[in-house]
Amino acid sequence: MMTPTLGPLVVLLVFCAVFSLATKTFFAAGNLSLVVQQSVIVGTLAIGQTMIILTAGIDLANGGIAVLGTIIAGRMVVEQQNPVLSLLFALIVCTSFGLTAGLLVSRLMLPPFIVTLGLLGIITAITRLTAQGGAFPVTDDLLSWPGNAFNVGDTSITYGMVVMFGLYVVVWYLLTQTAWGRHVYAIGNNREAARLVGIPVQARLLSVYTFAGLLYGIGAWLALGRIPNADPNALQNGNLDSITAVVIGGTSLFGGRGSLWGTLIGTLIVSVLRNGLTLTGIDPLWQDLVTGILVISAVALDQISRGKQR
Amino acid sequence: MTVETIAKVTLPPKGTVVLEARGITKRYGQVTALDRADLELKAGEVLAVVGDNGAGKSTLIKVLCGAVVPDEGQVLLEGHPVHFRSPLDARNLGIETVYQDLAVAPALDIATNLFLGRELRHKGPLGTWLRLLDKSRMRREAQHEMDQLKFHLPAIDSAVEKLSGGQRQGVAVARAAIFARRLVIMDEPTAALGVRESGQVLNLIRTIRDRGLPVILISHDMPHVFEVADRIQIMRLGRRAALTSPQKHTMSEVVAIMTGAARGDEAVEANGAA
């Protein structure tokens with residue numbers, strides 16, 4: 001709504017162009033579909049992360065919450081529970097952890113960084129206790145549904161991609177076309193002003209964190225569709241990867257500025273980079289280096305443009 | 001051609017008392033911030049409230065805008081007793097407050113800031129079910145109101161951070177003016193501004209008054225007070241020391257009453273008139 005997503009879009013297109021020239025295999029329907037499939041989970045986590053960062057918060061627990069969701073659903077199905085109930089229960093647990101973070105941040109005014117860092121530890125422990133040292137292969141049709149694909153021309157589209165894109169549309173609508181979204185931006189931009197004009201700041205923060213928890217639960221489902229094996233060691237870097245996507249997408253870590261489409265583009269940039277560097281046969285160690293440079297450049301750009309406004 | 005105005009203003013005739021505070025007392029432990037303080041605001045006037053630090057002017061204002069609940073005393077709005085438990089209560093009765101620090105969201109545009117917390121939705125199912133904002137109507141009404149207030153700003157959809165400090169405070173003042181149905185309270189609105197920028201805000205205060213909305217202006221700045229105030233209430237030691245006007249007393253006399261160098265009860269005013 002506020003920051004143009006043009007910069008990140010140009011970066012994405014430049015990377016696509018470079019890799020298309022560097023290797024024939026990059027710009028092929030099958031490979032492009034793979035790039036998007038690989039970004040579905042982080043892309044979904046990054047939606048919640050964007051909402052929270054817009055309120056000037058941060059979420060270090062999102063990957064942990066999603067993994068717990070996969071373990072709960074996976075274990076319940078393996079133990080012959082009803083798949084619908086298992087999935088529902090996983091969504092409820094993920095949402096309640098979002099709610100917990102929201103209550104601590106909004107009512108007790110604790111810093112989001114500390115709240116979600118603490119929750120990450122707690123959730124990781126619960127995940128391991130629930131998993132009892134094992135992983136849960138998912139054979140159930142409902143849980144692996146997001147991995148199913150249909151073809152549009154030569155391109156294979158998974159239902160997971162459709163779900164992620166749908167979530168982007170819904171949250172974009174909420175953030176830019178409703179009063180709730182404006183309040184989210186205003187709280188991140190000037191919390192005291194938001195309070196003075198009568199915005200229910202606590203309630204809005206609570207709703208953001210709770211909704212983000214639900215999104216992480218859906219992210220867990222998409223993860224089971226992508227790799228049908230609930231593994232307690234998966235998605236270790238979900239939190240940092242999602243923050244990377246948000247930042248590269250041009251959203252300010254100081255809150256109040258940014259756009260959700262930027263986050264989607266940021267997710268795709270990271271995914272294209274990994275895929276393209278692998279295809280061109282460059283040592284994968286370079287992937288993290290380039291991603292790191294992108295993150296620092298994005299934050300530096302934000303800082304400089306904010307400095308100009310003073 | 002008529003743009004629907006947001007607040008339907010039905011103001012009482014000039015000179016009638018809009019807001020009255022009687023015998024307001026507020027203690028914080030051993031400290032008596034307000035000691036039977038009175039205040040009357042009349043329709044169509046700018047009433048300046050001045051006083052030294054600790055004279056009780058901010059506490060009195062906080063009582064009037066609902067931020068502080070008094071221990072004793074009565075607040076009457078158009079003759080009816082009211083009990084504000086929060087600023088929202090006061091606002092719901094048509095009292096808007098402008099704060100010293102610029103209460104705007106800088107990254108958001110002017111129209112968004114004007115309607116922040118009071119957004120307009122589309123009529124019909126789009127608004128009711130999908131909660132869709134009516135952005136064009138908000139922009140249109142924001143532009144209309146700014147034109148009415150004769151306050152000139154860049155495009156209504158430019159970010160507030162692109163504005164000067166005076167223009168930003170103008171946005172905050174305009175917000176209050178647009179939504180206030182009975183009166184506007186301004187707490188040191190020019191304290192953070194330069195000379196030229198203060199001028200813009202003072203002009204805005206006059207325009208608001210001329211449109212019929214009474215204004216309570218709290219200020220340290222005597223030249224500003226003498227420029228816009230119709231009447232001046234001088235606070236000292238938690239109560240009203242004098243009620244005067246720029247015509248009756250000079251700046252230095254007002255300062256003398258404020259600091260206790262001159263006697264300043266209603267008798268002083270009577271002496272001055274005699």
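**A helix pair and its setting**

Modeller: In chain B, 45% of the 274 residues are buried, a residue being buried if 20 or more other C-beta atoms, placed from the backbone, lie within 10 Å of its own, exposed if 12 or fewer, and partly exposed in between. The model is a predicted one, in which local features need pLDDT of at least 70 and side-chain atom pairs count only at pLDDT 80 or more, while totals for chains, interfaces and linings use all residues. Residues are numbered from 1 along each chain as its sequence is written, and chains are lettered from A and ligands numbered from 1 in the order in which they are written.

In chain A, buried residues account for 49% of 310. Chain A contains 13 helices and 4 strands, these being DSSP runs numbered from the N terminus (helices H or I, at least four residues; strands E, at least two). Its radius of gyration is 19 Å, close to the 19 Å of the globule rule for 310 residues, so chain A is as compact as a globular protein of that length; the radius is taken over C-alpha atoms, and the rule is 2.2 Å times the number of residues to the power 0.38.

The part selected is α10(A), which is mostly covered, with 19 of its 26 residues buried. From first C-alpha to last, α10(A) reaches 37 Å, close to the 38 Å expected at 1.5 Å a residue, where the expected span is 1.5 Å times one less than the number of residues.

Its partner here is α2(A): the axes of α2 (residues 29–54) and α10 (residues 201–226) of chain A come within 8 Å and cross at roughly 175°. Axes are lines fitted to C-alpha atoms, for helices over the stretch in contact, with angles from 0 to 180 degrees between N-to-C directions. The two helices are therefore roughly antiparallel (over 145 degrees; under 35 is roughly parallel, 65 to 115 roughly perpendicular and the rest oblique).

On the α2(A) side, the residues that meet α10(A) include A:Val40, A:Thr44 and A:Gly48; among those of α10(A) are A:Phe211, A:Leu215 and A:Arg226. Contact requires C-beta atoms, placed from the backbone, within 7 Å. By class, this contact has 15 nonpolar, 4 polar and 1 charged residues, with Ala, Val, Leu, Ile, Met, Phe, Trp, Tyr, Cys and Pro nonpolar, Asp, Glu, Lys and Arg charged, and the others, Gly among them, polar.

Technical notes. Two residues are in contact if their C-beta atoms, placed from the backbone, lie within 7 Å.
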